[in-house]
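Take a walk through this model with the chain in view. Begin with the overall fold, then turn to the side chains.

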Amino acid sequence: MNTYSDGMDSERTGSGSIAAFVCGAALGAAVGAAIALVMAPASGSDTRAYLKRRGNELGRDAMERGRETLRSQSDRVKSAVAGGLDRAGSAVNYARERGEAAYREARESFNADNPGVAHTSYPSRAQRSSE
């Protein structure tokens with residue numbers, strides 16, 4: 001009644017069943033390949049020519065699909081970049097307009113008779129010390 005050894009037995013059983021499955025699958029693949037060779041409707045050279053031709057067709061199809069995907073993704077990227085540039089340009093224009101408005105406000109807040117002195121609602125250091 002050792003629980004540790006019971007756990008080990010179940011692990012061995014699990015890995016044993018995996019090994020049995022792998023061996024069975026390999027044996028089944030070998031038997032299937034042997035039957036396919038015996039029952040093949042064409043000679044070896046015909047089969048090789050067919051496989052070569054079919055491989056070339058699949059390669060061309062894959063290249064064409066790759067080109068189509070590249071074109072469509074390229075269009076999506078161009079569209080996304082153009083949209084990003086538009087948004088960035090709008091943000092820059094907005095920031096420039098806000099900066100110009102702040103500059104105008106600051107410039108208008110200075111007294112024309114006393115340049116360099118800002119007119120604000122906050123008391124200056126001299127005004128605070130005299131109070």
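Helices are DSSP runs of H or I with at least four residues, strands are runs of E with at least two, and both are numbered from the N terminus. This is a predicted model: local features need pLDDT of at least 70, side-chain atom pairs count only at pLDDT 80 or more, and totals for chains, interfaces and linings use all residues. Residues are numbered from 1 along each chain as its sequence is written, and side-chain values use heavy atoms, with hydrogens and water left out.

The fold comes first. The protein has 3 helices and 0 strands. Along the sequence the pattern reads α-α-α. Helix 1 covers residues 3-39. Helix 2 covers residues 44-109. Helix 3 covers residues 125-130.

How confident is the predictor? The score is pLDDT, its confidence in each residue from 0 to 100. The mean for the protein is 79, and 72% of the residues reach 70 or more. Among the elements, helix 2 has the highest mean, 89, while helix 3 has the lowest, 63.

Next comes the surface. Accessible areas come from the Shrake-Rupley method with a 1.4 Å probe; for residues, only the protein chains shown count as cover. The protein's accessible surface comes to about 11600 Å². Carbon and sulfur atoms account for 60% of that surface. A residue is buried under 20% relative accessible area, exposed over 50%, and partly exposed in between (1.4 Å probe, protein chains only). Of the 131 residues, 1% count as buried.

Now look at the nonpolar patch. Patches are made of residues with over 30% relative accessible area and no salt bridge; like charges are joined within 9 Å, and nonpolar side chains (Val, Leu, Ile, Met, Phe, Trp, Tyr) within 5 Å. L27, V31, I35, V38 and M39 make one of about 550 Å². L27 lies in helix 1. Its relative accessible area is 57%, so L27 is exposed.

Then the charged pairs. A salt bridge is a side-chain nitrogen of Lys or Arg within 4 Å of a carboxyl oxygen of Asp or Glu. The count by this rule is 4.

Start with R54 and E57. Their closest N and O atoms are 3.2 Å apart in a salt bridge. The two are 3 residues apart in helix 2, so about one helical turn separates them. R54 is partly exposed because its relative accessibility is 35%. E57 is also partly exposed, at 29%.

Move along to R96 and E100. They form a salt bridge, with the closest N and O atoms 3.5 Å apart. Here the spacing is 4 residues in helix 2, which means about one helical turn between E100 and R96. E100 has 36% relative accessibility and counts as partly exposed. R96, at 42%, counts as partly exposed too. Elsewhere, salt bridges with shared partners join E64, R67 and R71 into one network.

Look inside that network. The side chains of E64 and R67 meet in a salt bridge of 3.9 Å, N to O. Both lie in helix 2, 3 residues apart, about one turn of the helix. E64 counts as partly exposed, with 33% relative accessibility. R67 is partly exposed as well, with a relative accessible area of 42%.

Conventions
pLDDT = per-residue confidence, 0-100.
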